Amino acid sequence: MRWSNKLRQDHRLLAALEKLMQRLGPAGSRVPVQNVAKVVPFVGVFIGASMNSGILGSVAADAQRYC
């Protein structure tokens, strides 16, 4: 699958990851869609862990306040 403008507009997370991977890789390198799609689950894990950490911290602060 090739990168198209429609794909970049419809999936902005993929487009942002493509730009990030291009900057991290060698200059002028091309990043295939498949490689970017492999990174998406790790981004989801990172976002989920961050949200869980924030919520757990809030619950712990509330628990200390009421105990």
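**Entry 1: Ala49.** I looked up the exposure of Ala49 and found this residue partly exposed, because its relative accessible area is 45%; buried means under 20%, exposed over 50%, and partly exposed in between, with a 1.4 Å probe and protein chains only. I worked on a predicted model, in which local features need pLDDT of at least 70, side-chain atom pairs count only at pLDDT 80 or more, and totals for chains, interfaces and linings use all residues. Residues are numbered from 1 along each chain as its sequence is written, and side-chain values use heavy atoms, with hydrogens and water left out.

**Entry 2: Position of Ala49.** I placed Ala49 in helix H3; helices (H or I, at least four residues) are DSSP runs, numbered from the N terminus. From Pro32, Ala49 is 17 residues away in sequence and 27 Å away in space, C-alpha to C-alpha.

**Entry 3: Helix H3.** I noted 34 residues in H3 and a reach of 50 Å from its first C-alpha to its last, close to the 50 Å expected at 1.5 Å a residue. The expected span is 1.5 Å times one less than the number of residues. Val33, Val36 and Val43 are buried in H3. Helix H1 (5-10) and H2 are included in what covers the buried residues of H3.

**Entry 4: The core.** Which residues make up the largest nonpolar core? I listed Trp3, Leu7, Leu14, Leu17, Val31, Val33, Val36 and Val43, 8 residues in all. A nonpolar core is a set of buried Ala, Val, Leu, Ile, Met, Phe, Trp, Tyr and Cys residues joined through side-chain atoms within 4.5 Å. Helix H2 (12-24) and helix H3 (33-66) each give two or more residues to this core, and H3 gives the most, with 3 residues.

**Entry 5: Leu17.** Leaving aside residues up to four places away in sequence, I found Leu17 in contact (heavy atoms within 4.5 Å) with Val36, Val39, Val40 and Val43.
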